[in-house]
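Please read the following briefing alongside the sequence and the coordinates.

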Amino acid sequence: MHGPDFDDYEKLRAEQHEELCRLTSSLAPVIHGLCRLRACRRKGTCSGPMVPSPHQALKVRAHQEIGLSGRACADLPLCIANQAPDYYEVYRTAMEDVRELRDEHPAGDLHALFRRIAAMRRSEHNLS
C-alpha cells in the first residue's frame, strides 16, 4: 500500500493558493492601490508574478511539520509579497473573506460570487 502522493497534493494546493491569491488581489479594493504592474491594471485582474514572501513563513513551516515541502503556500503576488505587515494583514483578512465566499458557492457559480463581492464593495463605499 502506497502513502499519499504529496507531489500531486501539493500541486493542487499550490494551484488553489494561487487562485485564491489572484482572486483576492483582483477583487479587494484596497489592493488595487498597491499594485504597480501596468499589466494587472490594464487587465483589471492580478496577473503578475507570484514570489516567495516572508509573510508566509509560518504557513510554510506548518506544512513542513506535516511532511510537505511548504512550496505550495510560499508565494504571494508581487504587489503583496513584500508589503509592510499591516498591509499584509488587510490582504490576509480579505483573502479569508474571499475564501469564505468562494466556499459558499459551487465552482461554476462565480457570477453569484462576483455579485456578492460587488454588493460588499458598495456597502463599504456607502459606509465611508
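This is a predicted model: local features need pLDDT of at least 70, side-chain atom pairs count only at pLDDT 80 or more; totals for chains, interfaces and linings use all residues.

Residues are numbered from 1 along each chain as its sequence is written, and side-chain values use heavy atoms, with hydrogens and water left out.

**Overall fold**

- The protein has 7 helices and 2 strands, where helices (H or I, at least four residues) and strands (E, at least two) are DSSP runs numbered from the N terminus.
- Along the sequence, these elements follow the pattern α-α-α-β-α-β-α-α-α.
- Of the 128 residues in the protein, 34% are buried; buried means under 20% relative accessible area, exposed means over 50%, and partly exposed lies in between, with a 1.4 Å probe and protein chains only.
- Among contacts (heavy atoms within 4.5 Å) between residues at least 6 apart in sequence, 66% join residues at least 24 apart.

**Aromatic pair**

- The structure holds 1 aromatic pair, and the rings of Y88 and Y91 in that pair have their centres 6.3 Å apart and their planes at 40°, so the pair is tilted.
- The rule behind this label is that rings of Phe, Tyr and Trp (its six-membered ring) pair if their centres lie within 6.5 Å, with planes under 30 degrees apart counted as stacked, over 60 as edge-to-face and the rest as tilted.
- Y88 and Y91 are separated by about one helical turn because they are 3 residues apart in helix α6, which spans residues 85-104.
- Y88 counts as buried at 9% relative accessibility, and Y91 counts as buried at 0%.

**Salt bridges**

- The structure has 3 salt bridges, each defined as a side-chain nitrogen of Lys or Arg within 4 Å of a carboxyl oxygen of Asp or Glu.
- In one of them, R22 is bridged to E18, with the closest N and O atoms 2.8 Å apart; these residues are 4 residues apart in helix α1 (residues 6-27), and therefore separated by about one helical turn.
- R22 is buried, with a relative accessible area of 17%, whereas E18 is partly exposed at 32%.
- In helix α6, R92 and E89 lie 3 residues apart, about one turn of the helix, and their side chains meet in a salt bridge at 2.3 Å, N to O.
- R92 also forms a salt bridge with E96, with the closest N and O atoms 2.0 Å apart, and R92 and E96 are 4 residues apart in helix α6, so about one helical turn separates them.

**Enclosed space**

- A search of the whole structure finds 1 cavity of 30 Å³ or more, a cavity being a set of points, on a 1 Å grid over the protein atoms alone, where a 1.4 Å probe fits but cannot get out.
- The largest cavity holds about 40 Å³ of space, the volume being the space filled by probe spheres set on grid points that are joined across faces, edges and corners.
- The lining of the largest cavity consists of C35, L37, C40, C46, G48, P49, P77, L78 and C79, where lining residues have an atom within 4 Å of a point.
- These lining residues divide into 8 nonpolar, 1 polar and no charged, with Ala, Val, Leu, Ile, Met, Phe, Trp, Tyr, Cys and Pro counted as nonpolar, Asp, Glu, Lys and Arg as charged, and the others, Gly among them, as polar.

Key: On a 1 Å grid over the protein atoms alone, a cavity is a set of points where a 1.4 Å probe fits but cannot get out, and a pocket is an open set with protein on both sides within 12 Å along at least five of seven lines; lining residues have an atom within 4 Å of a point.
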